[in-house]
Amino acid sequence: LKEGEKKLTVHFSMPDENHLHAVITDNGIGRQRAAELKRQQTLITQVSKGIALIKERLQLHNKNEKDEFGIYINDLAGGAGTKVTVIIPIG
């Protein structure tokens with residue numbers, strides 16, 4: 001697990017009048033190291049299933065709506081954490 005100071009940042013913005021962006025970043029161990037630990041522990045699989053279900057529901061919603069929700073997960077440089085961007089239509 002991550003040693004030292006743990007940091008979680010949440011930032012909201014409206015790049016236009018029809019979308020709200022939520023950007024969540026952390027300075028954790030990163031997804032690659034987390035995947036290595038996951039292979040050693042089986043309890044973490046519930047988290048992956050949860051993300052898969054959210055993405056599936058977003059795809060179903062987006063199929064029926066003209067304005068799309070989005071969720072994007074990226075590793076930060078050097079495995080220094082994770083950035084999640086959620087795009088929510090509000091118009």
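What you see is a predicted model, and it holds 2 helices and 4 strands.

**The whole protein**

- The protein has 91 residues, and 15% of them count as buried.
- Its accessible surface comes to about 7,100 Å², with 55% of that belonging to carbon and sulfur atoms.
- Take the contacts between residues at least 6 apart in sequence: 44% of these join residues at least 24 apart.

- The 4 strands form an open sheet in the order 1-2-4-3, with antiparallel pairing.
- At the edges are strand 1 (8-16) and strand 3, each of which pairs on one side only.
- Neighbouring strands in this sheet are turned by 15° against each other on average, direction ignored.
- As a general point, side chains in a regular strand alternate between the two faces of the sheet.

**Strand 2 with strand 4**

- Strand 2 (residues 19-26) pairs with strand 4 (residues 82-89) in the antiparallel sense, over 8 bridges.

**Strand 3 with strand 4**

- One place to look is aspartate 75, whose bridge partner in strand 4 is threonine 82.
- Strand 3 and strand 4 form a hairpin with 6 residues between them. In the turn, glycine 78 has a positive phi of about 70°.

**A closer look at aspartate 26**

- Aspartate 26 lies in strand 2.
- Leaving aside residues up to four places away in sequence, aspartate 26 touches Lys7, Leu8, Leu76, Ala80, Gly81 and Thr82.
- One of these, alanine 80, is 54 residues from aspartate 26 in sequence, while their C-alpha atoms are 8.2 Å apart in space.
- A polar atom of the aspartate 26 side chain lies 2.9 Å from the backbone nitrogen of glycine 28.

Conventions
Residues numbered from 1 in each chain as written. Predicted model: local features only at pLDDT ≥ 70, side-chain atom pairs only at ≥ 80, totals over all residues. Heavy atoms only, no water. Pairing = 2+ DSSP bridges. Axes fitted to C-alpha atoms, helices over the stretch in contact; angles between N-to-C directions. Buried < 20%, exposed > 50% of the residue type's maximum accessible area, 1.4 Å probe, protein only. Contact = heavy atoms within 4.5 Å. Areas by Shrake-Rupley, 256 points an atom, 1.4 Å probe, with all protein chains shown as cover. Polar contact = N/O pair within 3.5 Å; in protein donor to acceptor, adjacent residues only side chain to side chain.
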